[in-house]
Amino acid sequence: MSDMITSKIREGADVDDDGENEEFTFDLNEFFATKRGGTFVHEDAVKDFLHNLTTLEKYPFSTPELRAQLSHTLWILNRVASCKALAKLIEQEPAFEGYKVVVAAGDGKQPLTENGDSFVNPDDADKVEATALERVKNAIANNPRTITLSVGQLTVGVTVPEWSGVLMLCNLNSASSYMQAAFRAQNPCTITAEVDGKPQPMRKETAYVFDFDPVRTLTIFEEFAENLSHSTTGAHAASSGSRAEQVKRLLNFFPVIGEDDEGRMVQLDAEKVMSIPRKIKSQEVVKRRFLCNFLFQNIAGIFGAPKEITDILNKLEPAKEEKHSKKDMEVRPADFTLDKDGNPVIDDADVNKDVKDLFSDEKIMVIDPVDIPPIPTIEQSQDPDTGYLSHVDMTTDTNLLAKQAKEQFREKVIAPIVQKHNLNARDSKKLAENVNHAFDAVVEQQRDAFNQKQEELRQAYTENLEQSEDPDERMQMLKDNAVKLAKDAETMMKDIVSQINEITDKEIKNVSRQAQTIKAEHEKKNDEDIMRAHLRGFTRTIPSFVMAYGDRDLRLSNFDDYTEDDVFHEVTGITEEEFRLLRDGGDYRDEVTGEKRHYDGHVFDETVFNDAIQEFLNKKEQLANYFDDSQTEDIFDYIPPQKTNQIFTPRWVVEKMVDELEQENPGCFDNPDATFADLFMKSGLYITEIVKRLYRSERMKQLFPDGEERIKHIFEHQVYGMAPTRIIYLIATNFILGFDDQLKSTGAHFVQADAAEAAKNGTLQELVDEKFGE
């Protein structure tokens with residue numbers, strides 16, 4: 001990932017007043033997303049990606065030696081349209097000249113020429129139709145270099161020994177599916193590769209998996225190692241020490257190579273495999289200002305949680321991770337049930353009611369027997385050149401039946417179900433997949449049986465024809481066999497119609513169940529999004545708490561011990577006791593039965609939570625010296641606005657305010673007796689900008705040549721501030737005095753007092769006199 005996108009990632013996030021953030025996040029599915037016309041949304045970026053693959057050092061196709069090892073590779077994407085669009089760009093990339101690209105996606109069948117080319121013209125129906133695997137093998141047999149683009153085909157139970165590399169170009173997050181796909185390249189083989197322009201046999205000694213999402217890769221690797229241990233020992237969740245041993249064992253057979261901080265490709269040990277995802281996640285959490293879903297786990301557990309839990313969540317002001325339309329964000333009990341794995345469960349009674357409401361127990365026929373196409377006549381069965389019984393091709397007629405059945409099923413069954421459950425076009429297409437395959441299977445099976453009978457009939461006809469020289473007898477043979485052929489064709493068509501209608505009758509309930517499952521999954525995802533939004537309402541407060549109270553011992557486990565109870569409630573909207581219920585779980589009484597139950601809690605990912613706090617403290621220390629002009633950011637770039645009035649003024653605005661102050665009061669920063677006050681501090685940025693101007697004044701340098709004495713004079717005699725709340729006071733003073741521990745211990749002339757309230761009451765002067773003297 002690094003060389004391709006780090007420049008974009010380093011641009012950071014833009015955040016609006018609502019605390020919503022929009023940032024560059026490398027998402028493989030989004031990166032290879034396509035438009036309606038079939039081109040990539042990020043076409044130029046994909047072109048750069050292909051160019052980098054062939055030119056940047058260490059990338060798969062960048063040298064002749066690497067290209068020789070990767071003569072045949074499998075590239076996995078998540079959309080058929082993406083495969084087709086990528087195939088076009090690969091063919092345009094000069095470095096991939098000589099590579100045969102096979103799109104093994106979609107229906108898996110395309111007409112094929114002898115050298116592996118796929119015909120675009122569907123009229124070439126007499127050409128051999130080949131499955132995706134056959135097309136790949138044909139292409140490899142006829143081309144020294146191939147690239148196979150696939151979505152899901154050829155990733156399970158398929159062996160293509162010539163493949164020596166797999167490129168993961170989609171968000172495949174299942175450990176088992178990922179490893180199944182990865183193992184496609186792990187088969188022994190002797191291949192012929194071009195070396196110095198000449199074909200040369202090579203034994204495949206190494207198989208590669210290339211991934212561009214390091215967090216996903218290493219997380220899956222660790223999960224796979226742990227799963228292997230469970231399957232062989234029956235063990236439960238392993239400790240971190242035993243997990244490291246499991247990863248170490250797997251590395252012996254499946255080494256991982258990655259780019260280090262200096263750009264070198266190095267083999268990772270078990271510790272790095274486990275720590276790198278944690279490091280990247282914690283950096284991402286801080287970059288997103290803790291408005292990040294990495295901080296959560298066990299969200300599905302909230303579906304079965306008591307009302308007490310949903311009430312707590314609803315007290316948290318929702319914070320969005322990304323921009324989307326405003327909607328009802330209240331957490332409510334789910335209208336569906338989940339199994340132990342978190343999947344929606346649809347009751348048979350709901351399916352039966354759905355079918356009855358929509359179809360009133362009527363029998364639905366997607367094809368009426370009267371609509372069967374005309375059966376071939378004797379004239380159509382006679383070869384015009386020879387006069388003999390010819391082959392009757394029923395492909396078009398049977399395909400028309402299948403097409404009609406699909407259209408009618410979609411109109412009579414799927415459409416009303418989709419409308420009732422408010423599903424979208426993609427859902428409708430998904431509902432049709434199984435039925436369409438079933439219809440096609442019936443047509444293909446019946447057509448094959450008919451063709452078999454036809455061949456037997458024609459063979460018998462030909463043998464009988466050779467034994468007769470009587471023209472009338474021969475003509476009668478033709479008519480008799482043509483009638484038999486027509487009857488067989490008619491029987492085939494009726495059987496197709498009958499079986500399709502039987503399938504329709506059986507599939508109505510299946511489609512209803514699938515539709516209700518899809519609807520429940522949509523609702524579950526929406527509910528989970530709402531729950532996460534409320535939880536982000538809590539996590540958005542973490543940077544403020546860490547800035548005010550945090551030290552290196554702060555953890556999720558003691559987070560509630562670091563703050564005053566009233567401050568915690570004021571800032572988050574929930575009590576510390578309610579926070580502990582979310583964090584640790586606890587017992588409760590069922591409102592209906594009165595039974596004692598237990599809520600598991602643990603909605604926060606403790607590892608990510610703790611790592612992110614440490615990463616924020618690193619960032620705080622890194623940016624503590626606000627006198628350093630080389631710094632282009634400050635710690636408040638990493639603290640989002642809160643639900644309270646805690647909104648920090650951007651630094652550029654502060655600089656403009658101080659510039660105007662100096663314009664209206666020329667020489668004010670050269671006067672050692674001038675005093676400056678911020679009576680409603682939020683971040684302390686205004687005070688720090690004044691301190692910098694005073695400290696850098698040439699006049700002040702003359703009066704106080706020693707830098708420490710100058711700083712001491714400024715803080716003891718020239719700058720003052722008030723903060724309205726305890727947490728804002730701590731945030732501001734930690735920032736203003738954070739560069740000097742000795743100064744920090746004095747507190748200088750900064751106090752906690754609500755100047756806004758005093759101004760409203762007409763007592764501001766009295767408050768200033770009270771806190772700072774006359």
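K420 and D357 form a salt bridge, with their closest N and O atoms 3.7 Å apart. A salt bridge here is a side-chain nitrogen of Lys or Arg within 4 Å of a carboxyl oxygen of Asp or Glu. K420 belongs to helix 14 and D357 to helix 12, so this pair ties together parts that are 63 residues apart in sequence. Helices (H or I, at least four residues) and strands (E, at least two) are DSSP runs, numbered from the N terminus.

K420 is partly exposed, at 38% relative accessibility. D357 is partly exposed too, at 43%. The cut-offs are these: buried is under 20% relative accessible area, exposed is over 50%, and partly exposed is in between (1.4 Å probe, protein chains only).

## About the model

This is a predicted model, in which local features need pLDDT of at least 70, side-chain atom pairs count only at pLDDT 80 or more, and totals for chains, interfaces and linings use all residues. Residues are numbered from 1 along each chain as its sequence is written, and side-chain values use heavy atoms, with hydrogens and water left out.

## Helix 12

Helix 12 covers residues 348–359. At 1.5 Å a residue, its twelve residues should span 16 Å, and the end C-alpha atoms are 16 Å apart, which agrees. The expected span is 1.5 Å times one less than the number of residues. Four residues of helix 12 are buried: V351, D354, V355 and F359. Seen down the helix axis, they fall within an arc of 95 degrees, so they line one face of helix 12. The arc is taken from the directions from the helix axis to the C-beta atoms. An α-helix has 3.6 residues a turn, so residues three or four places apart point the same way.

On the other side of helix 12, K353 and K356 are exposed. The cover over the buried residues includes helix 14 (395–420) and helix 16 (471–539). Both ends of helix 12 have a described neighbour. At the N-terminal end, D347 is the cap: a side-chain oxygen lies 2.8 Å from the backbone nitrogen of A349. After the helix comes S360, whose phi is positive, near 50 degrees.

E222 sits in helix 8 (residues 214–233). At 17% relative accessibility, E222 counts as buried. Leaving aside neighbours within four places in sequence, E222 is in contact (heavy atoms within 4.5 Å) with R243, V247 and M274.

L457 lies in helix 15 (residues 425–466). L457 is also buried, with a relative accessible area of 12%. Beyond its neighbours within four places in sequence, L457 is in contact with N481, K484 and L485. L457 and L389 are 68 residues apart in sequence, and their C-alpha atoms are 9.6 Å apart in space.

The structure holds 35 salt bridges. Side chains of opposite charge can pair when their charged atoms come close. K619 is buried, with a relative accessible area of 15%. E633 is partly exposed at 22%.

Another bridge joins R693 and E662, whose closest N and O atoms are 3.5 Å apart. R693 lies in helix 22 (residues 685–696) and E662 in helix 21, 31 residues apart. R693 is buried at 19%, while E662 is partly exposed at 32%. Both belong to a network of salt bridges that links D659, E662, E689, K692 and R693.

## Aromatic pairs

The count comes to 38 aromatic pairs. Rings of Phe, Tyr and Trp (its six-membered ring) pair if their centres lie within 6.5 Å; planes under 30 degrees apart count as stacked, over 60 as edge-to-face and the rest as tilted. F49 and F212 form an edge-to-face pair, 5.2 Å centre to centre, with 75 degrees between the planes. F49 is in helix 3 (residues 43–55) and F212 in the loop between strand 11 (208–211) and helix 8, 163 residues apart. Both F49 and F212 are buried.

The rings of F559 and F609 have centres 5.7 Å apart and planes at 90 degrees, so this pair is edge-to-face. F559 lies in the loop between helix 17 (542–549) and helix 18 (565–572) and F609 in helix 20, so the pair ties together parts that are 50 residues apart in sequence. Both F559 and F609 are buried. They are part of one aromatic cluster, formed by F296, F538, F545, Y549, F559, F568, F579, F604 and F609.

Methods:
A polar contact is a pair of N or O atoms within 3.5 Å; within protein, one must be able to donate a hydrogen and the other to accept it, and residues adjacent in sequence count only if both atoms are side-chain atoms.
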